[in-house]
Amino acid sequence: MNAPIGPTDSSLVPRFAGPATFARLPRIDQVEKADIAVVGVPFDTGVSYRPGARFGPSAIREASRLLRPYNPGLDVSPFAHAQVVDAGDIAVNPFSIGDAVETLDEGASRFVREGTRLVTLGGDHTIALPLLRSLHRVHGPIAMVHFDAHLDTWDTYFGEPYTHGTPFRRAVEEGILDTEAICHVGTRGPLYGKKDLEDDRRFGFGIVTSADVMRKGVDEIADALRQRIGNRPLYVSVDIDVLDPAHAPGTGTPEAGGLTSRELLEILRGLAACNLVGADVVEVAPAYDHAQITATAASHVAYDLVSVLALHHTTGA
Ligand SMILES: N=C(N)NCCCC(=O)O
Ligand SMILES: [Zn+2]
Ligand SMILES: [Zn+2]
């Protein structure tokens, strides 16, 4: 097996030059076989407030130019241990949520069948459902850690079942999630009623609020998550609005009192021993960003998720 093709060498081509693939990685058509792929889903038709997450993938790619080959937070050089690529975008119908969900499920399923693990750049949180569907067919019921200010287990908006506020209620209804090991991290902000929490608990979700992270600390939270997940196949969904608006202003439904990017990254690294089978980073809306604050945070989240996947690829786990 040849050594993986790595990112463009920034000592030869300045990092601000050339096309912005994620982390300046090769495109999927430039390699024989991709072990890990970063793929974009430019879609925001499912949003309930500020739009613009359709431009999230390109903003995250631009901000990712500054990423480097070695990840000290996880002691791994992800692009040396696995063939990691930028698989471009899965183009979906911006005028039909139902059609977009189907197309994304088909597109993601192709990667899953080929054994390529995905880190998906959104796009709004609607995309998490088809991504989970594609993995459930191969892995069966999946554990999930869901980083978000919001529960995203609501039922419908204006009668529409597939939106950025409903992916995980649909996933529980469809038997996709292992309801013994599903947890929200970072929730906060006003709800529509106490019933939101009662419904969420009935679905089996654990809740680690943003205030819990402050009071208990990242190590205790990560330990508890690892205990609950065990060696189940794990999906991680990161809604960038889990971060405080100071750390992620560029998002559609900001809520005060959120996590710092340091807290989020440290909890993610605490999941490195888990059997991660897929992940997403969603809800980056560049129109509301400043100086790439949000896109930078999202690029680091994606980099750590890729690094966790590469760690397991290295050990052949
Ligand atoms: N940003 C996501 N994923 N969901 C937000 C739902 C906000 C609301 O229902 O008011
Ligand atoms: Zn959210
Ligand atoms: Zn969300």
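Predicted model: local features only at pLDDT ≥ 70, side-chain atom pairs only at ≥ 80, totals over all residues.
**View 1. The buried residues of helix α6.** Helix α6 spans residues 194–203, and its buried residues are Asp 196, Asp 199, Asp 200 and Phe 203. Because these four cover an arc of only 100 degrees around the axis, they sit on the same side of α6.

**View 2. What surrounds α6.** Here you can follow the buried residues of α6 as they pack against α5, β5 (177–187) and β6 (206–209). On the face turned away from that buried side are the exposed residues Lys 194, Lys 195, Arg 201 and Arg 202.

**View 3. The donors of the zinc ion (ligand 3).** Four protein residues supply donors to this ion: His 125 through ND1, and Asp 148, Asp 152 and Asp 239 through OD, at 2.0 to 2.2 Å. To find them along the chain, look for the spacing H-x22-D-x3-D-x86-D. His 125 and Asp 148 link distant parts of the chain, 23 residues apart. His 125 lies in the loop between β3 (117–122) and α4 (128–139), while Asp 148 lies in the loop between β4 (142–147) and α5 (167–173). Both of these residues, His 125 and Asp 148, are buried.

**View 4. Asp 148 between two zinc ions.** Take a second look at Asp 148, which bridges the zinc ion (ligand 3) and the zinc ion (ligand 2). The two ions are 3.2 Å apart.

Terms used:
Residues numbered from 1 in each chain as written. Chains lettered and ligands numbered in written order. Heavy atoms only, no water. Donors = N, O, S within 2.8 Å, 3.2 Å for Na, K, Ca; no water. Helix = DSSP H or I, 4+ residues; strand = E, 2+ residues; numbered from the N terminus. Buried < 20%, exposed > 50% of the residue type's maximum accessible area, 1.4 Å probe, protein only. Arc of directions from axis to C-beta. Contact = heavy atoms within 4.5 Å.
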